[in-house]
Amino acid sequence: MSENARLRSRVLAKLAATIVVAGALVAGLLLPWVGGPGLVARNSVSLLDALPVELTDETPAGPSRLLAADGTLITNFYEHNRTPVTSDQIADVMKQALVDIEDSRFYDHNGLDVQGTMRALMTNLAAGSVREGGSTLTQQLVKQTLLQTAKTPEAREAANAETVGRKLREARLALALEDTYSKDEILTRYLNIVYFGQGAYGIQAAAQRYFSVNATDLTVPQAAMLAGLVQNPGTDDPISNPENAVERRNQVLQRMHDLGHISAQELTDYTAQPVQVTPGLAPPNGCIDASIGGFFCAYAKDYLIGTVGLTQADLEKGGLTIQTTLRPDMQAAGDQAVLNTVGMGAPVVGVFDAIEPGTGHVLAMSVNRRFGCGDPAAGCESINFATIPTKGSGSTFKTFVAAAAMEKGLPASHTITTPEPYTSRVYESYDPETRKIEPYEIGNVGSRYPNTLTMTQALYMSSNTYFLALEDALGRIEPAVEMAQRLGMNFDYSITQTPAQQIIDENRPSFAFGTDGVSPLDLANAYATIAAGGVKCAPTPVLSITKPNGEPLTGEDGEPVVKGDRCEQVIEPGLAHTLNQMMRRDVEPGNRMQTGSRAYIPDHQIAGKTGTVNANDSVTFVGSTPQYTASVMVFRPRDNQSVGGYGGGKPASIWHDAMLPILSAQAPAAFQPADPRYAGRGVDAPPIGNRSSDGDGDGDDDDDDRRRNRGSSTPPPVAPPAEPATPPADVPAPPAEPGTPPTPN
């Protein structure tokens, strides 16, 4: 006798002994139930173990589905590829094939079948291998359910232990299960839980994986092959082991014929056929497989775990339906707009984040990368540049300084005359060249800025000298920093000390020029607060989460874990309305030296602001309509080389291209008019000359790494707002000068 034969004999002998001992114990212990209703009523289960929750719950849930706002699938989250189906979604021939090969007396026994166990033993001994199961389908269902729902290694080990004690417990639970559910329910649950190989759990996943069909459309040969996989899914896998698969399928077909479920002719025809597989792909799993918005998916997943409080197991095993805020049309438009300007995987990163004012719903999140790996050279990225702080956003922070000044009493018409360059009377900085602390000084980019400007003009022209003088009027930087935080900017990225407090402590005037790294999403949200009339909402990518039964997922307090929009009024509506009207001058036609004209879309009111940091390694545009706010940043994540141009160039163009199809498909909406209390009186003085030489006017000539600002002197008095005798309804635009302004670059 060969060594293999001796090993096989020992294994079979051990199997025989185990089955006989287990069968004897089960028969002796459970004789009243095996004997049938004549000895004791079947519903008398008080002597049986109570059914654990895993067996009274539904079959282990399918994947959690992440859906876009319109209901389309973004991706799934799952540990096991499983799609539960109902009984009528499973072909009758599949049920018959499984019962015939695994438990032919399934409809006759009440969970235990000693006769079937002994028959399986004889069949397996004759075949020299395990060809038939020794347990009923109900017992197998108990084992598979306890195994697949086990939450600890100890529980998994107990569910799989080859001990008489485990078999007895399974037997008891099988009897109780049969007393609770119908035969068809038990068979359906089994077909939804059993593993068929190739990562496919349950009959629907298996039908898709091997034949690319639904479980209801399985043919007799296909059903026979799948039924044969239950015992040894690896050995008899038709994709990896087609010869074994043919042999095993034919054994199932022979058993179906022996039991009278297929004719002799059908047996001959079916066994003559080769196993024909049409492998299907597994459903998408995780954000790397997202059909759209991979970086939005990553943000939503982080939100679900970090904010909502779900676990990875909740996502992978909960069968949840997660309705998100993602608008596929806006996401697609954003993706295309970004790629039109900065190519996929380019050294320059382009980001487009869109959010809905008044709700905080995140509508789109585009990056010129594929999500899911750490190799930028291959055009993919695991870092979510759409949400994390990286580079500064330049003069977009002037809006926060303007808002703080207006709240303190300076109107939009507040006029300041500054020399070029302007030296602060309040703020100081360390000059590394002279190694001295000196008054902070800044100039504009280009030489064509007028010396005298109103706040409105200075904002849309992006005058550095005006805003340093405006910071002088505030006296300290704290009101501007606090305003930015109130509107939605989050500076708490440092572990040891919040950068916001550090900026305040050092009294940095460079705050107005946006030199510190910012999150594009935070920037969009802060401007959305202004667009919403001063109502700040926490950004959210999730609208609802429901369980497999369709009910909302609740927390320990019994309330839905998704609470709805979290919004609050953080600045006066009139202040926000006035800021929107001021920023419209940066985009809409008729204003000399405006910086964001490339974002303009005819017939739509757009309020925006550009930004460019020193060395032009980061450029930004943030634009709003009453319905949407979107931030666009183009920057170098790993070096300080110029990206080419200013905030009114690439970013404004991306904003325009992304929003054009969205806005063109809907009626225009208007911002509320400016509030006279904040607008001030009189007509803004027209600017002098054409655009600055940079072609953009966005003079963000400051680098906080080079100039460190310290201390302050006694601030000048802040003038009270001037109340007009007859308040204007809006902040008036300066008259257009003759000639055609050059296009910003």
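At what angle do helix α22 and helix α23 pack, and how far apart are their axes? I looked this pair up before anything else in the notebook. Helix α22 (residues 520-531) packs on helix α23 (residues 573-584) at about 110°, with the axes 8 Å apart. The axes are lines fitted to C-alpha atoms, for helices over the stretch in contact, with angles from 0 to 180 degrees between N-to-C directions. The two helices are therefore roughly perpendicular (65 to 115 degrees; under 35 is roughly parallel, over 145 roughly antiparallel, the rest oblique).

I note the basis of the work. The model is predicted, so I took local features only at pLDDT of at least 70 and side-chain atom pairs only at 80 or more, while totals for chains, interfaces and linings use all residues. Numbering starts from 1 along each chain as its sequence is written, and side-chain values use heavy atoms, without hydrogens and water.

Next I listed the contact (heavy atoms within 4.5 Å). From α22, Y527, I530 and A531 meet A576, L579, N580 and M583 of α23. The residues of this contact comprise 6 nonpolar, 1 polar and no charged (nonpolar: Ala, Val, Leu, Ile, Met, Phe, Trp, Tyr, Cys and Pro; charged: Asp, Glu, Lys and Arg; polar: the others, Gly among them).

Chain totals. I find 25 helices and 20 strands, taken as DSSP runs numbered from the N terminus (helices H or I, at least four residues; strands E, at least two). Of the 745 residues, 53% are buried (under 20% relative accessible area; exposed is over 50%, partly exposed in between, with a 1.4 Å probe and protein chains only).

Aromatic rings. I used rings of Phe, Tyr and Trp (its six-membered ring) with centres within 6.5 Å; planes under 30 degrees apart are stacked, over 60 edge-to-face, the rest tilted. The count is 12 aromatic pairs. F295 belongs to helix α14 (residues 294-308) and F371 to strand β8 (residues 370-371), 76 residues apart. F295 is buried at 3% relative accessible area.

F397 and F511 are also an edge-to-face pair, at 5.0 Å centre to centre and 65° between planes. F397 sits in the loop between β9 (380-381) and α17 (398-408), and F511 in the loop between α21 (499-506) and α22, 114 residues apart. Both F397 and F511 are buried. I place F397, F511 and Y527 in one aromatic cluster with F400 and F491. Y527 is also one of the α22 residues that meet α23.

Charges over rings (NZ of Lys or CZ of Arg within 6 Å of the ring centre and within 35 degrees of the ring normal). The charged end of K183 is over the ring of F106, 4.5 Å from its centre. R189 is over the face of Y181, at 4.7 Å from the ring centre.

Which backbone entries did I check last? Most residues other than glycine have a negative phi, and most peptide bonds are trans. E420 and P421 are joined by a cis peptide bond, with omega about 0°. P421 is in the loop between β10 (415-417) and β11 (422-431). D603 has a positive phi near 75°; D603 is exposed, at 65% relative accessible area. N616 has a positive phi of about 55°, and N616 counts as buried at 16%.
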